[in-house]
Amino acid sequence: MKLEALGITKSFGQGNLRRNVLDDLTLNVDFPHVLALLGPSGGGKSTLLRVIAGLERPDDGLILLNGTPVPFTDKSEATLRDYRRSLGVVFQAFNLFPHLTALQNISLPLTAVHGLTEDAAKERALGVMDRLGLADHREKLPGQLSGGQRQRVAIARALAVKPRFLLFDEPTSALDPEMTSEVLTLIAELRKEGTPMLLVTHEMGFARKIADQVAFLGEGRVLEQEPAGEFFSNPRSLEAQRFLAKVLAY
Ligand SMILES: Nc1ncnc2c1ncn2[C@@H]1O[C@H](COP(=O)(O)OP(=O)(O)OP(=O)(O)O)[C@@H](O)[C@H]1O
Ligand SMILES: [Mg+2]
């Protein structure tokens, strides 16, 4: 899969306070498996991920997936909605419906959004839950699950739609170390299945291990992009060198 971002600009704020969070950003990835999007806090990683996911419209620029532009400028919202539905997005806060069971959280989008019958949705949801080690938790409400289990349900929900692309925004930042490792193990397993993944994470050890490529974001641009091994052993930009020195210090 090929992902291109061309001249993406996005600003927030009004008047004097307006500033470009993404500033004529260019990114060009031939997805091997996993691209890690790294960079300092406030550098625009989540904003870029949301733009790529079709959740945020850029002020300027184009996103192309396999050469097809994301339909930001279409008059109808429907085409953008269809695009969003073809992806799986997992956020830090799991965004599960608290009054629905784990199983219902996964199957509801399949019937309500993707047009599956109740039976087909249930079968697909159960299959994904089994695969992700959630078989014992089908009937539990999110409040009855641990943080790691909740995040696994959120990942199962994203996978159940058979996305062509998976995007993770700091999927472990709300978890304690043990649950973090549980979720990272799951992501490492998903990598083997070949769905391209974009991963924003502050788990540098994990990024180093799992990512094929790293894009380093700073000042609203991709300051460098290279194979993960090279990025971690020999970062080229001063910004990336400073960033790594800081985050790897402890
Ligand atoms: N909806 C919004 N309204 C106003 N400002 C926003 C909005 N979303 C993001 N910003 C600003 O854009 C900048 C980039 O935010 P973003 O969340 O993309 O950074 P990030 O790289 O993901 O940071 P972190 O590592 O802390 O998650 C920040 O200064 C943030 O305050
Ligand atoms: Mg963020």
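**Before you start**

This is a predicted model, in which local features need pLDDT of at least 70 and side-chain atom pairs count only at pLDDT 80 or more, while totals for chains, interfaces and linings use all residues. Residues are numbered from 1 along each chain as its sequence is written, and chains are lettered from A and ligands numbered from 1 in the order in which they are written.

**Stop 1: the whole chain**

Select the protein chain and colour it by secondary structure. Nine helices and ten strands make up its secondary structure; helices are DSSP runs of H or I with at least four residues, strands are runs of E with at least two, and both are numbered from the N terminus. The radius of gyration of the protein chain is 18 Å, close to the 18 Å that the globule rule gives for 250 residues, so the chain is as compact as a globular protein of that length. That radius is taken over C-alpha atoms, and the globule rule is 2.2 Å times the number of residues to the power 0.38.

Along its principal axes, the C-alpha trace spans about 50 × 50 × 35 Å. How many of the 250 residues count as buried? The share is 37%. A residue is buried if 20 or more other C-beta atoms lie within 10 Å of its own, exposed if 12 or fewer, and partly exposed in between, with C-beta atoms placed from the backbone. Take contacts between residues at least 6 apart in sequence: 64% of them join residues at least 24 apart. A contact here means that the C-beta atoms of two residues, placed from the backbone, lie within 7 Å.

**Stop 2**

Select S1 (residues 2–12), S2 (19–30), S4 (60–65) and S5 (68–69). They form an open sheet in the order S2-S1-S4-S5, with antiparallel pairing. Two strands pair if DSSP finds at least two bridges between them. S2 and S5 are the edge strands, each pairing on one side only.

Now look along S1. Eight bridges join S1 to S2. Lys-10 stands opposite Leu-22 in S2, and the bridge partner of Phe-12 in S2 is Arg-19. The hairpin of S1 and S2 has six residues between the strands, and Gly-13 there takes a positive phi near 95°. S1 also pairs with S4 over five bridges in the antiparallel sense; there Leu-6 has Leu-62 as its bridge partner.

Axes are lines fitted to C-alpha atoms, for helices over the stretch in contact, and angles run from 0 to 180 degrees between N-to-C directions.

**Stop 3**

Select Asn-66, in the loop between S4 and S5. Its phi is positive, near 50°, in a residue other than glycine. Is Asn-66 buried or exposed? Asn-66 is exposed, with 11 other C-beta atoms within 10 Å.

**Stop 4: the sheet of six strands**

Next, show the open sheet with the order S6-S7-S8-S3-S9-S10, whose pairing is mixed. Its edge strands are S6 (88–90) and S10 (221–227). Neighbouring strands are turned by 15° against each other on average, direction ignored.

Zoom in on S7 (residues 166–169) and S8 (residues 197–200), which run parallel and are joined by four bridges. Asp-169 stands opposite Val-200 in S8. Then select Glu-170, in the loop between S7 and helix H6 (177–193). Glu-170 has a positive phi of about 45° although it is not a glycine. With 19 C-beta neighbours inside 10 Å, Glu-170 counts as partly exposed.

Helix H5 lies across S6 and S7, running at about 170° to S6.

**Stop 5: helix H4**

Finally, select H4 (residues 118–131), a helix of 14 residues that reaches 20 Å from its first C-alpha to its last, close to the 20 Å expected at 1.5 Å a residue. The expected span is 1.5 Å times one less than the number of residues.

Show the side chains of Ala-121, Ala-125, Val-128 and Met-129, the buried residues of H4. They cover an arc of only 100° around the axis, which puts them on the same side of H4. The arc is that of the directions from the helix axis to the C-beta atoms. Helix H3 (102–112) and helix H5 (147–160) are among what covers these buried residues. Turn to the other side of H4, where Asp-119 and Asp-130 are exposed. After H4 comes Gly-133, with a positive phi near 70°.
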